[in-house]
Amino acid sequence: MSGPTEPTTPVATDARGSAPAEPQRVPAAGTAASTRDVRVSPHGTAATPGARVVQVQKSLMVHNDGVAATNREAFRHSLVLNVVSSPGSGKTALLERTVRDLDGSLSVAVVVGDLETDNDAERLHAAGAPSVQIVTGTVCHLEAEMVARAVDQLDLDGLDVLVIENVGNLVCPAAWDLGEDLRVTMLSVTEGEDKPLKYPRIFKDADAVVINKIDIAEVVGFDRGRALDAVRKVAPGARLFELSARTGEGVGDWLDYLRERRRLKASAMAAAATDAS
Amino acid sequence: MHEFSLVMSMLDLAEKAARADGARRISAIHLEIGALAGVVPEALEFAFEGARVGTMAEHARLEVTYLPAIAYCATCQSEFELDNRFGIAVCPSCDAPSADLRQGRELQLAHLEVEE
């Protein structure tokens, strides 16, 4: 860490202006590039002497989104959920309950991500669902490619529901599309009613929000009104479920939702197949 | 620390674009990041510090433009900027909540400055 280095601190600039001076065409230094139409960014010209501007305009997620699209194609016969929550909200418990209570009426397989151990996959396997554990090591979220590799070990033919249990984390998984149909964000009554406000992105993108452990809500002084208000504010379009994976209370509505969404996807796929033929 | 994954993806895209343009060195990388993208600036900088070593962007500046979150109100048929950091989108004209986020999730490599 010595010698002169250029500043690397991200420089926050105002999106609505602050373009330094008037934009001008930056001369290309090399002949190879000089014939190219080098467009100048609306945010200004190259600040480095001798440098030229190259427009890229690509999402950092472009690779992941491509793999997610391939996953989505491979998943066309199954309803696919991406379940996210903090560690300990009860994702695995809800999935165990879901598999047991469906009792074979829908076939379910699970891909589960954790930093270490395959304990969750073993629990889900014991509950009756084929399960594949993704051990992410130090990676704090699942990416589409990890899921693609994991589902190679599953038989997707005739599978009604594929559940991807993400790494317990309310921040990092948000940006990674895995190819799912539904994003399910969970919180439990022990976590604080303002969680949706603290982690807005992951709640905002949720198709369904599940509040778990309602059997102990009273004991822990859970303010239901405040929690529902926070969910409704951040995720006004999400379906809301209040349940206890442990006692089974409220789980019926959740299962009905899965059946309904599974049916909707199957008919959409059938209609698309008819149109295509 | 998902910022590390983002930075790896950023460097990959940046090097490809720079090479395609016949450049040998990247002197600046400009990102556009939405207010609800879930990126921590300090974590991004930290990840960049580590990941840039040995790449064409080893001596590059990292510049980030943060884009405000903008939602669409179906009732008023107009867009509005969110006035809070909590992702709460309530139309300032009619008070209706909106689930239609039009801007704020961006993780975009906008442009580079490159040299021969």
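Visitor: What should I know before I look?

Guide: This is a predicted model, where local features need pLDDT of at least 70 and side-chain atom pairs count only at pLDDT 80 or more, while totals for chains, interfaces and linings use all residues. Residues are numbered from 1 along each chain as its sequence is written, chains are lettered from A and ligands numbered from 1 in the order in which they are written, and side-chain values use heavy atoms, leaving out hydrogens and water.

Visitor: How many residues does each chain bring to the contact?

Guide: Chain A brings 52 residues and chain B brings 55, where contact means heavy atoms within 4.5 Å.

Visitor: And what area is buried between them?

Guide: About 4400 Å², with carbon and sulfur atoms giving 56% of it. Buried area is the accessible area (1.4 Å probe) that two parts lose on being put together, summed over both.

Visitor: How many salt bridges are there between chain A and chain B?

Guide: The count is 3, a salt bridge being a side-chain nitrogen of Lys or Arg within 4 Å of a carboxyl oxygen of Asp or Glu. A:Arg52 forms one with B:Glu116, and their closest N and O atoms are 2.5 Å apart.

Visitor: Which element gives the most to chain A's side?

Guide: Strand E2 (52-59) of chain A gives the most, with 8 residues. Helices (H or I, at least four residues) and strands (E, at least two) are DSSP runs, numbered from the N terminus.

Visitor: What does E2(A) pair with?

Guide: E2(A) pairs with strand E6 (residues 107-115) of chain B, in the antiparallel sense over 6 bridges. Two strands pair if DSSP finds at least two bridges between them. Within E6(B), B:Leu109 is the bridge partner of A:Lys58.

Visitor: Changing topic, where is A:Ser78?

Guide: A:Ser78 is in the loop between helix H2 (62-74) and strand E3 (79-84) of chain A.

Visitor: Is A:Ser78 buried or exposed?

Guide: A:Ser78 is buried, because its relative accessible area is 2%; buried means under 20%, exposed over 50% and partly exposed in between (1.4 Å probe, protein chains only). A polar atom of its side chain lies 2.7 Å from the backbone oxygen of A:Leu159.

Visitor: What about B:Asp21?

Guide: B:Asp21 sits in the loop between helix H1 (3-20) and strand E1 (25-34) of chain B. B:Asp21 counts as buried, at 10% relative accessibility. The C-alpha atoms of B:Asp21 and B:Glu116 are separated by 9.6 Å, although these residues are 95 residues apart along the chain.

Definitions and conventions: A polar contact is a pair of N or O atoms within 3.5 Å; within protein, one must be able to donate a hydrogen and the other to accept it, and residues adjacent in sequence count only if both atoms are side-chain atoms.
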